[in-house]
Amino acid sequence: MTQWNRDTPWRQGYLLSVDAIDTLGLRHALKPEQTVVIVATHDCDLAQDPELEPHIELVVGCQGDKDGNCTHAKNSRKLHVEFSGAKAFWGEFDAVSKVAVDKLALSRFFPCTETRLTPENHAIFQMWLASRYRRSAFPDEFERRLTSKELKLAEKIAKAVKPHGELITGVFFDVDEGEDLKREGPDDTYVLDITILHAADPDFMKAEAAAMKAAQNIESAFNEKLFIPTKMWQQIELRSCEAISESVLSYQTFKQLKRWRLEHMSLAAEPQQPVLPE
């Protein structure tokens with residue numbers, strides 16, 4: 001190829017060949033022999049004239065072992081996603097490892113055909129890209145209470161969820177039924193409903209058991225810290241904590257929930273990361 005037009009074979013989620021990676025100087029800094037580079041630019045933007053949109057956005061990653069806590073776009077900073085085909089593998093991508101290259105430079109190469117994302121994993125890749133710019137927002141005071149070193153409830157949520165990896169696809173909050181209320185003092189409690197969303201495939205029963213176990217541990221942590229000492233809810237009232245399958249949750253309910261992301265849960269271990277709203 002020497003030109004770029006709407007018939008380009010490149011699509012979002014396609015991988016670059018080894019020749020393209022080397023020619024464009026895109027080797028992974030820490031694992032150069034395991035480098036994988038994926039197209040992040042949307043198909044509609046790929047089709048645009050290079051004179052109007054001259055660059056393509058790529059994400060430089062590497063092959064690696066699956067970490068269930070980085071699957072399903074649960075972590076907006078790092079994604080682990082599986083590629084299928086003749087040479088199947090798990091790819092690891094960091095949100096800060098995006099680069100832009102000229103469309104005309106890439107036009108000299110064809111994408112890999114032997115290894116691709118499945119449609120489901122392509123959708124996960126899109127959600128991960130979008131999560132960098134579309135995050136849930138919780139009241140500052142609510143986050144302060146949840147992440148306080150005294151209560152450590154955010155850490156306890158992490159400990160309850162992380163052992164189950166990709167069996168749990170997300171943790172979602174409904175705070176004060178979506179109303180933005182200003183709370184003052186420990187007796188003025190936020191009302192929190194937590195949904196532990198679990199995978200439906202390939203093992204529904206195993207995933208359901210994992211989500212129910214996580215929900216029980218979270219309920220115990222909230223009761224121990226915020227209810228048992230005074231026999232009245234303080235700071236945050238945990239009204240419910242339920243496990244539900246992603247094959248059952250309705251779209252209407254989903255729209256009312258906000259995702260609580262893994263990076264919220266690791267603040268104590270990574271103090272350089274601020275409490276970011278979603």
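Predicted model: local features only at pLDDT ≥ 70, side-chain atom pairs only at ≥ 80, totals over all residues.
Local features need pLDDT of at least 70 and side-chain atom pairs count only at pLDDT 80 or more, while totals for chains, interfaces and linings use all residues. Residues are numbered from 1 along each chain as its sequence is written, and side-chain values use heavy atoms, with hydrogens and water left out.

**Whole chain**

Start with the C-alpha trace. The C-alpha atoms fill a box of roughly 75 × 40 × 35 Å along the principal axes. Switch to cartoon: the protein has nine helices and nine strands. Helices (H or I, at least four residues) and strands (E, at least two) are DSSP runs, numbered from the N terminus. Of the 278 residues, 46% count as buried. Buried means under 20% relative accessible area, exposed over 50%, and partly exposed in between (1.4 Å probe, protein chains only). The areas come from the Shrake-Rupley method with a 1.4 Å probe, and for residues only the protein chains shown count as cover.

**The largest nonpolar core**

Select Phe-173, Ile-194 and Phe-222. Among the 29 residues of the largest nonpolar core, these three touch the most other members. Helix H5 (140-147), H6, strand S6 (168-175), strand S7 (190-198), helix H7 (204-226) and strand S8 (236-245) each supply at least two residues of this core. H7 gives the most, with seven residues. A nonpolar core here is a set of buried Ala, Val, Leu, Ile, Met, Phe, Trp, Tyr and Cys residues joined through side-chain atoms within 4.5 Å.

**Salt bridges**

The structure holds 12 salt bridges, each a side-chain nitrogen of Lys or Arg within 4 Å of a carboxyl oxygen of Asp or Glu.

Select Glu-166 and Lys-66, whose closest N and O atoms are 2.4 Å apart. Glu-166 lies in the loop between H6 and S6, and Lys-66 in the loop between strand S2 (55-63) and strand S3 (78-85), so the pair ties together parts 100 residues apart in sequence. Glu-166 is partly exposed at 27% relative accessibility, and Lys-66 is partly exposed at 40%.

Then select Lys-87 and Glu-114, a salt bridge with its closest N and O atoms 3.7 Å apart. Lys-87 sits in the loop between S3 and strand S4 (89-102), and Glu-114 in the loop between helix H3 (103-106) and strand S5 (115-116), 27 residues apart. Lys-87 counts as exposed at 52% relative accessibility; Glu-114, at 41%, counts as partly exposed.

Arg-183 and Asp-176 form another salt bridge, with the closest N and O atoms 2.9 Å apart. Both Arg-183 and Asp-176 are buried. Lastly, show Lys-78, Glu-92 and Asp-94, which are linked in a network of salt bridges.

**The positive patch**

Finish on the surface with Lys-149, Lys-152, Lys-156, Lys-159 and Lys-225, which gather in a patch of positive charge. Patch residues have over 30% relative accessible area and no salt bridge, and like charges are joined within 9 Å.

Methods
Patch = residues over 30% accessible without salt bridge, like charges linked within 9 Å, V, L, I, M, F, W, Y side chains within 5 Å. Lys, Arg positive; Asp, Glu negative; His and termini not counted. Charge placed at Lys NZ, Arg CZ, Asp CG, Glu CD.
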